[in-house]
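Morning, everyone. I have one structure to show you today.

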Amino acid sequence: INSWGYGKENGPSVWHKDFPVAQGNRQSPIEIIPKQASYDPSLQAILLNYDHCSSINISNNGHSYLKMIQGGPLDNPYRLKQFHFHWGGKGCHGSEHTVAGRSYASELHLVHWNAVKYQTFGEAAAAPDGLTVLAIFLETGDEHRWLHRITDTLYMVKFKGSATDFKSFNPKCLLPSTLQYWTYLGSLTTPPLHESVIWIVLKEPITVSERQLGKFRMLLATGEEEDQRMHMENNYRTPQPLKDREVRSSN
Ligand SMILES: NS(=O)(=O)c1ccc(C(=O)NCc2c(F)c(F)c(F)c(F)c2F)cc1
Ligand SMILES: [Zn+2]
């Protein structure tokens, strides 16, 4: 069978043939309408214990620290597994979530799994509270001072030709200044589209330059993650029906 992708023959409009959950009740992404999100005072702040930007590599005595997210809507700490981007061919289309009809040039997903409750990522990926993805919008503007850290890393890895090992990079450099967010229950945005993701979408985008984004596209478009079979294609799934879900806001 031809594997899924973003082309005419194997793109989002036909994913439901192999993955019927594509038409399920908690699919992602969605269009976020800020005025319709309900402020929930019980939502705590997001806590990320990634390292700070300046640490070249986060390992200490040869072991890299675990990178965890906790707080917010989460009952347990979740462990970072990988991160990846979605982007469009050009201009300001490329994000998966949209905000009141507006889309961004790209969207960064930091994928975490509930290693307290589940033994493996695969098991968590099939459980309703198994994963949490922190989504960060990228808009184009001034150069991002740290993004070169990723593209430099990618150059190295591209050169080595091995599976992209992001463990030596801490994504703290890519966070905006505030961690205000929307949260809702959703799914993976690529097949198998498991409805296992607690989404945390940051309100504040980060800014990268057009040139940086172009470099990204060139570098990542060919980078296939062997172990995650991630399709870092220059494309994105469009917003899915909200159905009977609410979007909560941290502020
Ligand atoms: N765009 S996103 O919603 O943030 C997203 C995040 C992770 C994955 C992923 O890990 N896929 C491969 C993959 C699975 F989809 C599994 F269900 C599983 F069990 C795996 F082990 C696995 F690597 C897909 C989409
Ligand atoms: Zn993604």
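Start at Thr189. An N or O atom in its side chain sits 2.8 Å from a nitrogen atom of ligand 1. Keep in mind that this is a predicted model.

His86 has a polar side-chain atom 3.2 Å from a nitrogen atom of the ligand. For His109, a polar side-chain atom lies 3.4 Å from an oxygen atom of ligand 1.

How much of ligand 1 does the protein bury? Alone, the ligand exposes 520 Å², and the protein buries 87% of that.

Now the shell around it. There are 17 residues around ligand 1. The nearest are Gly122, Thr189, Thr190, Pro192 and His194. By class, 8 are nonpolar, 9 are polar and none are charged. Which elements give two or more residues to this shell? They are S7, S9 and helix H2, residues 121-124. S7 gives the most, with 3 residues.

Next, the metal. Ligand 2 is a zinc ion. Along the chain, the donors follow the spacing H-x1-H-x22-H. His84 lies in strand S7, residues 78-87, and His109 in strand S9, residues 106-113, so this pair ties together parts 25 residues apart in sequence. Are His84 and His109 buried or exposed? Both are buried.

Conventions
Residues numbered from 1 in each chain as written. Chains lettered and ligands numbered in written order. Predicted model: local features only at pLDDT ≥ 70, side-chain atom pairs only at ≥ 80, totals over all residues. Heavy atoms only, no water. Donors = N, O, S within 2.8 Å, 3.2 Å for Na, K, Ca; no water. Helix = DSSP H or I, 4+ residues; strand = E, 2+ residues; numbered from the N terminus. Buried < 20%, exposed > 50% of the residue type's maximum accessible area, 1.4 Å probe, protein only. Near = heavy atom within 4 Å. Polar contact = N/O pair within 3.5 Å; in protein donor to acceptor, adjacent residues only side chain to side chain. Areas by Shrake-Rupley, 256 points an atom, 1.4 Å probe, with all protein chains shown as cover. Nonpolar A, V, L, I, M, F, W, Y, C, P; charged D, E, K, R; others polar.
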